[in-house]
Amino acid sequence: MGFEAAPATVTVRFKPGHKYHGAEAQVRGMTIGDYLKATGMDGSQGDDTGKTLARFFESLVSWNLTYQGQPLAPTQDAMQVADQALIRAMNNAWIESLTGVADSDPLPETSASGGISPAPPIPMAPLSESQAS
């Protein structure tokens, strides 16, 4: 039996106190090929803002946004009416979730704070001159 390797869906949400707290979206992850292309790790320039936002809308599965009291469909047509700062914030949260730990998914309170290492320190004295001639 194999493990399904399709990109996982990511939930984008904002912490309490954030100006967009309450807005949520379900967004598909990226294939490794798309990720390398988007970030420029494939040798290209990577995605500019327009391409990044287009990729966000292509990957958008659902969200809870409304416009003038009506549900706003999760399509590129939403770019014509949705608040640009909100969409950019959602896009940035999506990208952060793909590249590392998102603010909405912090380490638990019980996580170690990274105290002093029990290993002995490495001496930082200058190296002696080579004895080779």
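Buried means under 20% relative accessible area, exposed means over 50%, and partly exposed lies in between (1.4 Å probe, protein chains only). The model is predicted: local features need pLDDT of at least 70, side-chain atom pairs count only at pLDDT 80 or more, and totals for chains, interfaces and linings use all residues. Residues are numbered from 1 along each chain as its sequence is written, and side-chain values use heavy atoms, with hydrogens and water left out.

**View 1. Asn91 in helix α3.** Asn91 is found in helix α3. Helices (H or I, at least four residues) and strands (E, at least two) are DSSP runs, numbered from the N terminus. Asn91 counts as buried because its relative accessibility is 5%. Which residues is Asn91 in contact with, leaving aside its neighbours within four places in sequence? They are Thr52, Leu53 and Phe56. Contact means heavy atoms within 4.5 Å.

**View 2. The open sheet of three strands.** The strand order is β1-β2-β3, with antiparallel pairing. Two strands pair if DSSP finds at least two bridges between them. β1 and β3 (60-63) stand at the edges with a single partner strand each, so one side of each has no neighbour in the sheet. Neighbouring strands are turned by 20° against each other on average, direction ignored. Axes are lines fitted to C-alpha atoms, for helices over the stretch in contact; angles run from 0 to 180 degrees between N-to-C directions.

**View 3. Bridges between the strands.** Strands of a sheet pair through backbone hydrogen bonds, either parallel or antiparallel. Five bridges join β1 to β2, and the two run antiparallel. Val12 stands opposite Ala25 in β2. Three bridges join β2 to β3, again an antiparallel pair. Here Val27 has Leu60 of β3 as its bridge partner.

View 4. Three bridges connect β2 with β3. Helix α2 packs on the sheet and touches β2 and β3. The direction of α2 makes about 75° with that of β3. Helix α3 (residues 84-99) also packs on the sheet, touching β1, β2 and β3. The direction of α3 makes about 130° with that of β1.

**View 5. The two faces of β1.** In a regular strand the side chains alternate between the two faces of the sheet. Along β1, Val10 and Val12 point to one face and are buried.

View 6. A salt bridge is a side-chain nitrogen of Lys or Arg within 4 Å of a carboxyl oxygen of Asp or Glu. How many salt bridges does a search of the whole structure find? It finds three. One joins Glu24 to Arg13, with the closest N and O atoms 3.6 Å apart. This pair links distant parts of the chain: Glu24 lies in strand β2 (residues 24-28) and Arg13 in strand β1 (residues 9-13), eleven residues apart. Glu24 is partly exposed at 33% relative accessible area. Arg13 is partly exposed at 40%.

View 7. Arg55 forms a salt bridge with Asp34, the closest N and O atoms being 3.9 Å apart. Arg55 sits in helix α2 (residues 49-59) and Asp34 in helix α1 (residues 32-39), 21 residues apart. The side chain of Arg55 also meets that of Asp47 in a salt bridge (2.8 Å, N to O). Arg55 counts as buried at 14% relative accessibility. Asp47 is buried at 18%, whereas Asp34 is partly exposed at 33%.
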